[in-house]
Amino acid sequence: MLELESLSVGQYGFISNVFSFGFAVMASATLFLWLMKSSVAPAYRMAITISGLVTAIAAYHYLQIMLSWHGAASVTTGDVLASGEGFNRAYRYVDWLLTVPLLLVELILVMKLSNSETVSRSVKLGGAAALMIVLGYPGEVASEVGTRALFWILSMIPFLYIVRELVIGLKESISQQPDEVKGLISTASILVVASWAFYPIVYLLPLLGVTGGSAIVAVETGYTIADIVAKAVFGLLIFTIAVRKGKADEREHVKVPAETAAQAEQKTPVKKGALTQS
């Protein structure tokens, strides 16, 4: 549906720069998250490790996307000519299949829910995310408008389930979080929904009459922006939540022993004669 020959030289170069920027952002976010992991309380380091893994996987795939993009076409004076190798769009879907479920898992982990709730929500949300990606790929590579529309509808079913769980299903769990992170966790949930909502919109552009070089620019730029927000920006938000929750836990641990000592002192009986002098 998207032909490289329809691109101008300027559009081709612009998309190259977009992919390069995406790679740089993901690689930088990975280094930051992994190098700063030790500044987070041990209970939340797994969430940061997974967050860095998400951006590392994305950085690798953006490198592969760049190489595939450069190999798919050659630029002559004023023209972009397909090389015959083809631009591999599957890299994006392989990336999403790995990273999208992990994004939800890192959000669940940083909330520090009970073991049973953590496993249950991770399996349900991660499975729905994987199904959403699998259902979206056939429409992405289809040349028929009807096929693209059909798989858009099918992939929206697990997408809407995830949105419902993030907006409604996690509400009670969020209410039990420390006051200093309730707003941040709610923001993280909204950020996931908002950034993910960008994908189906971009997916629909060829069906809305955006074709040729403009469609390629819109789709590839839109997907890259959504990736940066959903992975790098989301990862930094998860890091901030982990830091604040660690400090909140530390204050709670200090507060509880102090209260326990005070209660024990109040309950200690006073011996007879202790208040009189012989």
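Colleague: With which residues is K231 in contact, leaving aside its neighbours within four places in sequence?

Modeller: K231 is in contact with M26, V54, T55, A58, D95, W96, T99 and L103, where contact means heavy atoms within 4.5 Å. This is a predicted model, in which local features need pLDDT of at least 70 and side-chain atom pairs count only at pLDDT 80 or more, while totals for chains, interfaces and linings use all residues. Residues are numbered from 1 along each chain as its sequence is written, and side-chain values use heavy atoms, with hydrogens and water left out.

Colleague: Why does K231 count as buried?

Modeller: Buried means under 20% relative accessible area, exposed over 50% and partly exposed in between, with a 1.4 Å probe and protein chains only. K231 has a relative accessibility of 1%, and therefore counts as buried. Buried residues make up 45% of the 278 residues in the protein.

Colleague: What makes the pairing of K231 and T99 a polar contact?

Modeller: The term requires a pair of N or O atoms within 3.5 Å; within protein, one must be able to donate a hydrogen and the other to accept it, and residues adjacent in sequence count only if both atoms are side-chain atoms. The side chains of K231 and T99 are joined at 3.4 Å, as a polar contact.

Colleague: In which helix does K231 lie?

Modeller: K231 lies in α8, residues 212–267. Helices are DSSP runs of H or I with at least four residues, strands are runs of E with at least two, and both are numbered from the N terminus. The protein has 8 helices and 2 strands.

Colleague: How does the reach of helix α3 compare with the expected value?

Modeller: The expected span is 1.5 Å times one less than the number of residues. Helix α3 (residues 90–111) has 22 residues, and its 33 Å from first C-alpha to last is close to the expected 32 Å.

Colleague: Where is the kink in α3 centred?

Modeller: The kink is centred on W96 and comes to about 30°. The bend at a residue is the angle between axes fitted to the seven residues ending there and the seven starting there. Just after α3, K112 takes a positive phi of about 55°.

Colleague: Which residues touch the most other members of the largest nonpolar core?

Modeller: I162 and W196 do so, in a core of 53 residues. Such a core is a set of buried Ala, Val, Leu, Ile, Met, Phe, Trp, Tyr and Cys residues joined through side-chain atoms within 4.5 Å. Helix α7 gives the most to this core, with 11 residues.
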